[in-house]
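This briefing accompanies the sequence and structure shown below. It is arranged by topic for reading alongside the model.

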Amino acid sequence: MKSMSLDRSAPAVAAGENSTQSMSLDRWALAAAAAILLVLPFTVTGYVLYVVNLLMVFVVLALGMHVVIGEAGQFALSHTAFYGIGIYTAGMINAAWHPPFFVSILAGGLLSAVLGYVIGFLALRMRDIYLALATFAFGEAMQWVFLNWEGVTGGSNGMRMQPAELFGLKLTNDLQAYPFVVLLTALMLWLTVALSRSQYGSSLRAVRESDVAAMAMGINARAMKQSAFAISAAFAGIAGGMYTLFTSFIHPESLGFQTTILVLTMVVVGGIGSVRGAVAGAIAFGLISELLRQALSIQEVIYGVILMGFMMFMPKGLFADRNKRAARTTTAEAQR
Amino acid sequence: MRGTLTSRNNMSLSDIWLFLQQGVLSGLVTGSVYALLAIAIVAVFKTTDVPNFAQGEMFMIGGYVALMLLLVAGLSYVVVIPLTLVVVAAGAALFQRVVMERVTGSKGVGVQLVIATLGLAYGLKGLVRQTGLGDTPRSLPSLVSSDAVLIGDAALTRLDVVIFVVAVVVMVLLYLMFNKTRIGKAMRAVGMNPRAAQIVGIRLSRIRMMVWAMSGLISALAALLITPKVLITPDIAHIAILAYAAAIVGGFTSLPGAVLGGLIIGILENLVGLFISTNAIVVAPFLAILVTLVARPQGLLGGKPQVKKV
């Protein structure tokens with residue numbers, strides 16, 4: 001009765017995003033994105049590249065949240081905590097041993113995954129609102145840790161980070177980091193799509209629709225949720241590692257609930273359960289938040305209006321309608 | 001926090017006793033305000049299935065409406081208090097009627113409802129910042145003197161006593177409303193089983209509007225109570241986290257639980273501040289939430305754990 005389930009009327013589990021029309025659209029979108037990303041470093045200045053790098057980090061964060069909310073249907077609000085863990089882990093490893101950057105990014109992702117698995121073990125006994133509140137509390141507690149563990153994070157003074165390295169080459173500016181950020185984002189995007197299309201992905205969606213039904217089919221719902229939670233945490237940790245590639249300073253202030261909400265907004269406005277929705281949402285809201293950084297009050301009002309407006313008039317997000325129509329046409333064709 | 005009496009390392013027994021009294025009494029005062037906000041959260045959740053993430057902002061806007069009426073419009077308290085209550089209650093009812101009805105109507109569930117309230121939270125915060133009133137921390141002039149009142153060995157101010165008494169009176173009134181009046185019973189009925197309530201002739205949308213109005217009223221009242229005591233900024237909305245902790249500790253669907261939870265969180269917060277460190281106060285509510293949810297997810301008075309029907 002008091003259920004907080006996600007998007008019950010989502011298109012059928014198997015339907016996913018496989019209509020041929022949107023597949024070719026995806027190809028065009030990918031080709032266009034690749035072209036833009038290729039030309040970009042030769043045409044724009046450092047700040048624009050910084051913003052693009054940041055957007056990539058947001059894309060990976062949104063993909064991670066997509067895994068746990070969109071695929072597994074679990075409403076978790078601790079994403080920023082794992083993002084922070086990724087940032088600090090990678091930052092510390094870079095400072096201590098100067099390994100090739102992918103080692104430190106991987107370490108951050110792994111640590112996040114392990115912690116995510118443990119937190120998931122505790123939190124996923126609950127569902128709906130309780131899960132949301134428990135993960136929210138964990139996120140806030142982690143921000144407190146970041147703010148107070150001065151030996152590691154510099155506390156409220158923030159922390160200067162050593163530049164990431166790759167076999168002796170120091171990544172000291174946005175341009176140098178850019179190709180690696182792009183590659184990592186592409187890799188994470190590919191992983192998400194692969195996960196979504198795999199058997200594992202359909203099991204997750206089965207759990208999302210009804211964990212009882214999924215269990216009746218022999219799916220271990222608990223283990224599925226928990227692994228999805230860990231994978232999502234790993235994505236956030238890796239996004240944190242990517243962040244260290246092009247920035248030299250981190251302050252715990254930016255690792256609070258509002259960042260989780262920002263990412264949640266990206267996923268929901270993009271369309272819960274849709275990979276392209278997560279990507280589009282990340283780019284749109286990443287841009288809005290960066291462009292309006294100077295005008296905090298206006299940013300907040302605009303945000304508020306967008307959130308309420310979308311929930312009122314387009315609650316399934318930008319990319320869900322097309323799926324629904326696609327699902328409906330497939331059903332219609334099947335009936336004929 | 002008033003607990004800078006001795007260094008914390010070598011506390012004598014009498015110090016501990018003093019701290020304990022002080023912590024519990026101060027905790028009851030702030031806790032009663034958290035309890036009010038927790039009641040607002042629980043009442044809205046029970047009747048509309050919405051965990052209101054804008055609860056803190058509704059509280060904050062109460063404080064700023066009062067500030068604006070007092071300082072900018074120059075009205076007197078006699079006008080300001082009822083006007084603030086009415087404005088915030090009407091605003092909350094309007095939000096339910098215009099936004100939430102629509103989100104629920106368009107098959108929005110769970111996430112969508114939460115995000116709509118987050119939208120409200122952002123909107124309110126942005127609006128207050130736009131006015132410029134939020135740039136410097138302010139507080140309302142107090143109606144009561146801040147003379148000390150000694151209870152046992154602990155010292156409270158008169159304002160503290162007034163806050164506690166008013167909060168308790170409001171709780172009693174709410175109790176009477178929920179148990180004796182038709183409207184209150186209708187609210188409870190909607191909370192228990194909306195469809196059945198509708199069948200026996202209760203108009204859902206009207207009751208839900210009224211619950212939101214009531215939560216707005218309580219929020220504004222809490223703001224009026226606490227803002228003479230503390231400085232407010234737009235970020236005071238964070239106080240809702242404590243109210244959330246209170247609601248969870250009490251059991252998220254229990255109104256008496258919300259009161260109990262509020263008092264517990266208030267006392268806990270003060271004791272942590274006195275005995276451990278003021279720095280740890282911030283994290284105390286989250287630990288309370290985590291411990292409750294892991295050890296006893298249904299909270300203290302939440303009854304049986306809820307099982308979702310398939």
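Helices (H or I, at least four residues) and strands (E, at least two) are DSSP runs, numbered from the N terminus. By that convention, His98(A) lies in the loop between α3 (79-97) and α4 (101-123) of chain A. The model is predicted: local features need pLDDT of at least 70, side-chain atom pairs count only at pLDDT 80 or more, and totals for chains, interfaces and linings use all residues, while side-chain values use heavy atoms, with hydrogens and water left out. Residues are numbered from 1 along each chain as its sequence is written, and chains are lettered from A and ligands numbered from 1 in the order in which they are written.

**Confidence**

- The predictor assigns the complex an ipTM of 0.84 and a pTM of 0.83.
- pLDDT is the predictor's confidence in each residue, from 0 to 100; its mean for chain B is 85, and 93% of the residues of chain B reach 70 or more.
- Within chain B, confidence is lowest in strand β1 (residues 148-151), with a mean of 82, and highest in helix α8 (residues 204-226), at 93.
- Residues 1-7 of chain B stay under 50 in pLDDT, and the model has 16 contacts for them beyond four places in sequence, a contact being heavy atoms within 4.5 Å.

**Chain A overall**

- Chain A contains 14 helices and four strands.
- Of its 336 residues, 57% count as buried; buried means under 20% relative accessible area, exposed over 50%, and partly exposed in between (1.4 Å probe, protein chains only).
- Among contacts in chain A between residues at least 6 apart in sequence, 80% join residues at least 24 apart.

**Packing between the chains**

- Helix α13 (residues 296-313) of chain A packs against helix α4 (residues 111-131) of chain B at an angle of about 155°, with the axes 7 Å apart. The angle makes α13(A) roughly antiparallel to α4(B).
- Axes are lines fitted to C-alpha atoms, for helices over the stretch in contact, and angles run from 0 to 180 degrees between N-to-C directions. Angles under 35 degrees count as roughly parallel, over 145 as roughly antiparallel, 65 to 115 as roughly perpendicular and the rest as oblique.
- α13(A) and α4(B) cross in a left-handed sense. A crossing is left-handed if the near helix is turned anticlockwise from the far one by less than a right angle, and right-handed if clockwise.
- The residues of the contact of α13(A) with α4(B) comprise 13 nonpolar, seven polar and three charged. Ala, Val, Leu, Ile, Met, Phe, Trp, Tyr, Cys and Pro count as nonpolar, Asp, Glu, Lys and Arg as charged, and the others, Gly among them, as polar.

**Packing within each chain**

- In chain A, the axes of helix α11 (residues 257-270) and α13(A) come within 11 Å and cross at roughly 35°, and the crossing is left-handed.
- Leu262(A), Thr265(A), Val268(A) and Val269(A) of α11(A) meet Tyr303(A), Leu307(A), Phe310(A) and Met311(A) of α13(A). The residues of this contact are seven nonpolar, one polar and no charged.
- In chain B, helix α9 (residues 239-250) and helix α10 (residues 255-276) pack at about 125°, with axes 7 Å apart. That angle makes α9(B) oblique to α10(B).
- α9(B) passes α10(B) in a right-handed crossing. The residues of their contact divide into seven nonpolar, four polar and one charged.

**Buried residues in helices**

- Tyr243(A) is found in helix α10 (residues 221-246) of chain A and counts as buried at 11% relative accessibility.
- Beyond its neighbours within four places in sequence, Tyr243(A) is in contact with Leu54(A), Val57(A), Tyr83(A), Ile87(A), Phe249(A) and Ile250(A).
- The C-alpha atoms of Tyr243(A) and Phe58(A) are separated by 9.6 Å, although the two are 185 residues apart along the chain.
- Ala92(B) lies in helix α3 (residues 77-105) of chain B and is buried, with a relative accessible area of 5%.
- Leaving aside neighbours within four places in sequence, Ala92(B) is in contact with Met58(B), Trp212(B), Ala213(B) and Gly216(B).

**Positive phi in loops**

- His98(A) has a phi near 45°, a positive value in a residue other than glycine. His98(A) is partly exposed, at a relative accessible area of 36%.
- Asp49(B), in the loop between α1 (13-48) and α2 (55-72) of chain B, has a positive phi of about 65° although it is not a glycine. Asp49(B) is partly exposed, with a relative accessible area of 24%.
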